[in-house]
Amino acid sequence: MQAQPKTEGGILFEERVGQETSSRRDPRKDVDASTKPSYVVVGVLCRVFPPLMGEVCECIDSLPGMESFSLGERGRVGVLIEAGSFDQAHQRLQEELLQVEGVQAAWPISTQWE
Amino acid sequence: MAMNRRDFLRTSAMAAVASVAEGKALASSTLESSEVTWHKSVCRFCGTGCGVMLGIRDKKLVALRGDPKHPTTKGLVCAKSLFLPKIVHAPDRLKHPMIRKNGKFVQASWDEAMKLIGDRFADSIRKHGPDSVAYYGSGQALSEESYLANRIFKGGIGTNNVEGNPRLCMASAVGGYVSTFGKDEPMGCYDDIDHAKVFFLVGSNTAECHPVIFDQILARKEAHNDVLVIVCDPRKSPVTSIADIHLDPVPGYDLAVFHAMAHVIVKEKKYDADFIAKQCQFKIVENGRPKKVDFEGYVKFLDQYSPEQAELISGVPAQKIVEAARLFANGPTMTFWTMGLNQRTRGVWANNLMHNLHLITGQIGKPGMTPFSLTGQPNACGGVRDTGSLCHILPYGRSVKKAKHRAEMEKIWGAKPGTIKPKPGKNTIEMFRALGRNEIKAMLILTTNPGQSLPNLTPYRDAMGKARPGKPFIVVLDIFPTRTTELADVILPAAMWSEKLGVFGMSERRYQYQPALVTPPGEARPDLEILLDFAGLLEERGVIPKGYVSSKLKTCDDVWNEMRHASKNTAYDFMGMTRDRLKKERGIRWPAPTIDHPGTARRFVKGEDPILDHGPYADDSLNEGDIKFYAAKDYRATVWLRPALGPAEPVDKEYPYILSTGRVLEHWHTGTMTMRAPELKRAYPEAYIEINPVDAKKLGLRNRDMVRITSRRGEALIKARITGMPRVGMVFVPWCWEDTNSLINRVTIDAYDPGSKQPEFKICAVKLAKA
């Protein structure tokens, strides 16, 4: 199979390491205070390497909190990411969805929460 | 079966994705069943100008999604945009005016803060003259805000000390457009992406800085096997993943590559002789003056830039240059560039050479054929460039140097004749230098963070904040605490984005309306209201004429209407963009001189550009599709013969590495907004320096080692990231972190382009050591 670049919103996906650094003024630690949802759902538009559409969907559906849905178009698939927090949803996008072989780009189109 | 709330949220999310994929609006039943009302608006990050839909519940912004009805961005937004609701409602928004008293910020009333500002500005103007005050604005301010500030300072106070952060990002593009075509701003549009077969991406990490544009290029390439991408960038940024040819010149030496491409095009007779004969002229600067040469003179000039010679200068293999030139000439070619060309001491020249390639191949003004500078801010184009809010220009293509233009604006503004000075004010770097010398005694800074974003930062932070006798008085309007607000004497809390109405003008000349949907926090107010009050205070104190602003402009709509009239009969004419129309439509591209004009996809093209049909530039002798560069001298665009000179600070034995700065996907500029979303912050929680493995080995560095980066101006301490992305001898640092150790602009150089006055952020010499 031809190697495909992994992209997020069009960018190469790479491992991003590092711990939270303390901020000089540190007002950001409580940035979540106003919005602490218990349920987050993100609708994602994925660009997928066309020959691998079937395998990609199967793999996405096997991941916890993720579900693919057809958009009726070769090379594109919709994905719902459900999570308990924004952090978890973002983590699933970056560390799980974009790791699936054949997923070239993932565009979070809609974020809803409660 | 009854649908529970989570099912509803799931369905809504799926519908949003499907609507983007299909390019249709969401089913109305989905919208109707929501507690949320949806409103169209525009993203306030980069200059792509993505159309967004904002979900509002109880006057709070609770959701954002791409607007599938938007004609160019078609529902796509990037990760940054989706976090805007959280950023708007972040708890550390500035909520009250603050005045520095005895070294500490103390909450003050609006009356107290504004009175102090009025007194200090008026006092300075009376004692030291109009040029003792200055305004430093932003490509993130709304168009009406920039226009009004410009009007107050240039036409009211009588100083041209009006600048803004687009001087740091787009000034060289302005210089390139003006010197080649006679007027600023791209002639093409995003629709050209759907027609191009070759994309030339130069000094542009489109994938991370303009991700929605990059997706459109990616989609076009995936759908068409014959679409090819040439990337010119010394760093293997994510765009190189789709490059068919990657040209990686030593930073600062790419001008030779562009000339060599022209050399190949000419030698292989791939140029468009007819287009050149009708539309172009050739010029070289000798003894400080432009001199006309003929095509043969240009060919002779190019002889010194054979691909082989360019390889010696730039390090790019000659064969790659030849291949790139052939692809470019085959076209249809669309060229995109950003800071890699602009943030240079040869920035204008580099821009000229982009235009040269399009002009000699006749690839301009036709579908898929255009040079196109991408913009980093949402309103650098519409807000600062178009409204003339820089020290040398006036609204809508006018210049402070031209008496006719000054008289026109004085009449429109109702200013006393002679108020606008003919001499340009101080450019950004000189303005902050003057501040450091206490020559500028009061400065108003709006929606920008020069305490982090200026190059060679240390002296300019001192200029703004260091206690000393006669220290200038600094007022900062912003939405969050920043590295600039900490230097201020007065901080005014500003309304942000969806809390205020106005217009953003993005890279393809599309003006888009943003409604006010959310209540600002605390006592925060729209910048425009603050500026109107500021003008009123100066009127009361007699330093601008009574009624100059207050008798004519009371609302944002008043300002917009005056702007429309100021554009009339200029190359920008947008008289047809009434407020009502902008509220209904998904933006309109200027020129749009009448209310029934749909806007202009391609400028300078008869049949598309209404400026060629009516007004001072009308020409009935042209046929449909003919091109006329009506703003250029003799109606001919200029192919410039620019020497391929290198950067201001080449490497040497003491400082052997080239430092370049840039951005990452998740963060935007100084991180003032994006660092407020923890998800984005966590993606890149700390600064890093990219170092090539070859250099790392030489220096004994490993991943995550702390590196001391030292230039002749300052140093930063940043963790190493060993990667093959930068070429050997080059290091790269994004500039979005604000902690003191990571302030990479303490290291960058403030040498600037003599034409555009834009500093060379992209290139300076540094040494590296394990800390």
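Predicted model: local features only at pLDDT ≥ 70, side-chain atom pairs only at ≥ 80, totals over all residues.
Strands of a sheet pair through backbone hydrogen bonds, and the pairing is either parallel or antiparallel.

## The seven-stranded sheet

Both strands belong to an open sheet of seven strands in chain B, with the order β5-β4-β19-β18-β17-β6-β7. The pairing in this sheet is mixed. Which strands stand at the edges? They are β5 (104–107) and β7 (162–164) of chain B. Each has a single partner strand, so one side of each is left without a neighbour in the sheet. On average, neighbouring strands of the sheet are turned by 20° against each other, with direction ignored.

## Helices on the sheet

## A buried methionine

Helix α22 of chain B (residues 457–465) contains M464(B). Is M464(B) buried or exposed? A residue is called buried if 20 or more other C-beta atoms lie within 10 Å of its own. M464(B) has 25 C-beta neighbours inside 10 Å, so it counts as buried.

Leaving out residues up to four places away in sequence, M464(B) touches L435(B), G451(B), I474(B) and L487(B). One of these, L487(B), is 23 residues from M464(B) in sequence, yet their C-alpha atoms are 6.0 Å apart in space.

## Domains 2 and 4

Chain B is divided into domain 1 (5–88), domain 2 (112–166 + 383–551), domain 3 (171–373) and domain 4 (657–770). The centres of domain 2 and domain 4 of chain B, taken over C-alpha atoms, are separated by 30 Å. Where the two domains of chain B meet, 14 residues of domain 2 are in contact with 17 residues of domain 4.

Which elements give two or more residues to the domain 2 side of this contact in chain B? They are α20 (428–436), α21 (450–453) and α22 of chain B. By class, that side of domain 2 of chain B has five nonpolar, eight polar and one charged residues.

Notes:
Residues numbered from 1 in each chain as written. Chains lettered and ligands numbered in written order. Pairing = 2+ DSSP bridges. Helix = DSSP H or I, 4+ residues; strand = E, 2+ residues; numbered from the N terminus. Axes fitted to C-alpha atoms, helices over the stretch in contact; angles between N-to-C directions. Buried ≥ 20, exposed ≤ 12 C-beta atoms within 10 Å, placed from the backbone. Contact = placed C-beta atoms within 7 Å. Domains from an automatic or database assignment. Nonpolar A, V, L, I, M, F, W, Y, C, P; charged D, E, K, R; others polar.
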